[in-house]
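The sequence and structure are shown first.

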Amino acid sequence: MISFVYDEEFNKYDLGLDHPLIGDKPKRILNLIKAKKFTDEIDIFKPNKATVEDLQRAHSKKYIEIIKELSKKGGMLSLDTPAPKGIFDIASLATGGTILAAEKLFNKYEISVNPLAGFHHAGRNSSSGFCFFNDIAVVIEYLREKKKLKKFLVIDLDVHHGNGTQEIYCEDKTVLNLSFHQDGRTLYPGTGKLEYIGKEKAKGYTINLPLPPGTGSNSYLYAVDQIIPRIVEQFKPEIIIYQSGVDTHHSDPLADLYLSYQTYYHLAQKIKKLSEEHCKKLLVLFGGGYNSDASTIAYYNIICALLEKTDYIRERDDFSYQKYNPVKNLVSELQKVLQPYWSF
Ligand SMILES: [Zn+2]
């Protein structure tokens with residue numbers, strides 16, 4: 001059994017008709033789960049909005065006020081992020097969804113999913129990239145306070161670098177933020193260099209692998225296998241927060257990685273196994289995905305892996321080893337940079 005949080009209001013997280021963020025993804029994925037009759041193995045829970053107290057564990061009072069104000073009439077949070085009327089409530093509900101999903105990990109579930117989550121571009125005082133509240137940071141601080149957890153691993157596989165999460169935790173070694181993303185020289189937000197590994201005492205607890213445009217599925221999976229299991233074994237997290245963005249798919253209109261549908265199954269399967277072996281608490285936050293049809297299939301494949309269903313959706317993949325050698329070199333370089341902190 002897995003837990004899944006959902007509210008019809010989730011589908012109102014929509015930034016406008018001419019904006020790439022598509023509002024109906026949660027509904028689409030839920031409909032597919034129902035059509036495939038997975039509902040016997042998925043318990044669905046309705047979240048409450050995160051409170052201002054919850055938000056304040058990760059964001060400044062001033063920033064929260066700015067969103068609240070914008071939300072009254074509508075406006076722009078940043079150049080790429082319109083703030084439609086009412087967005088404060090919807091973003092708070094999405095964040096509350098992540099909190100509820102995490103709560104379920106302390107109440108009989110080992111895996112919990114929020115389909116409207118993983119807003120990794122939001123920093124403490126500012127944001128862009130279609131994000132308002134960083135639910136990853138809000139839930140980490142919630143768990144630190146309420147459940148006394150001390151070691152959090154974020155595995156962020158969205159195609160974009162998790163710059164907001166990095167900004168919040170670059171000086172904190174209780175949160176290991178690991179981000180695989182398309183190279184910032186070719187994609188928003190531009191950050192996430194391989195050499196950047198955190199600040200001061202927390203060096204080694206920020207891990208970035210910037211991948212070249214065109215990276216194929218097997219090249220990507222190679223990098224995952226070479227880096228992630230060894231980090232999990234040595235860091236020994238008490239929870240794994242998996243930002244499972246699917247904007248790495250080859251059809252995504254915003255980015256240029258070349259992952260196939262089946263890759264999402266394999267990624268989720270690997271991370272599920274790591275959670276089973278090390279902490280038995282896996283919080284899956286669906287993250288980005290801007291081709292509506294492809295995203296639904298990719299998320300569906302993630303659910304299949306979490307439920308150990310083998311009838312996931314496959315597609316022909318002629319690009320699987322694309323950029324294999326450059327990725328191999330980057331992996332060696334990253335291992336070298338991390339050598340003082342982790343062994344491989
Ligand atoms: Zn993204």
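## Basis

The model is predicted; local features need pLDDT of at least 70 and side-chain atom pairs pLDDT 80 or more, whereas totals for chains, interfaces and linings use all residues. Residues are numbered from 1 along each chain as its sequence is written. Helices (H or I, at least four residues) and strands (E, at least two) are DSSP runs, numbered from the N terminus.

## The sheet

Eight strands form an open sheet with parallel pairing, in the order E2-E1-E5-E10-E9-E6-E7-E8. Strand E2 (42-45) and E8 are the edge strands, each pairing on one side only. Two strands pair if DSSP finds at least two bridges between them. On average, neighbouring strands are turned by 15° against each other, direction ignored.

Strand E7 (residues 175-182) and E8 run parallel and are joined by six bridges. His181 has Pro210 in E8 as its bridge partner. Helix H8 (residues 261-278) lies across E5, E6, E9 and E10, at about 170° to E9; axes are lines fitted to C-alpha atoms, for helices over the stretch in contact, and angles run from 0 to 180 degrees between N-to-C directions.

## The nonpolar core

The largest nonpolar core has 105 residues, and Ile240, Ile241 and Leu283 have the most contacts inside it. Such a core is a set of buried Ala, Val, Leu, Ile, Met, Phe, Trp, Tyr and Cys residues joined through C-beta atoms within 7 Å. Helix H4 (residues 87-104) gives the most to this core, with 10 residues.

Gly96 lies in helix H4 and counts as buried because it has 25 C-beta neighbours inside 10 Å. A residue is buried with 20 or more other C-beta atoms within 10 Å of its own, exposed with 12 or fewer, and partly exposed in between, C-beta atoms being placed from the backbone. Beyond four places in sequence, Gly96 is in contact (C-beta atoms within 7 Å) with Pro47, Asn48, Lys49 and Ala50.

## Helix H10

The buried residues of H10 are Val327, Leu330, Val331 and Leu334. They lie on the same side of H10 because they cover an arc of only 105° around the axis, taken from the directions from the helix axis to the C-beta atoms. An α-helix has 3.6 residues a turn, so residues three or four places apart point the same way.

These buried residues pack against strand E8 (206-211) and helix H7 (217-235). The face turned away from them carries the exposed residues Asn325, Asn329, Ser332 and Lys336.

Definitions and conventions:
Contact = placed C-beta atoms within 7 Å.
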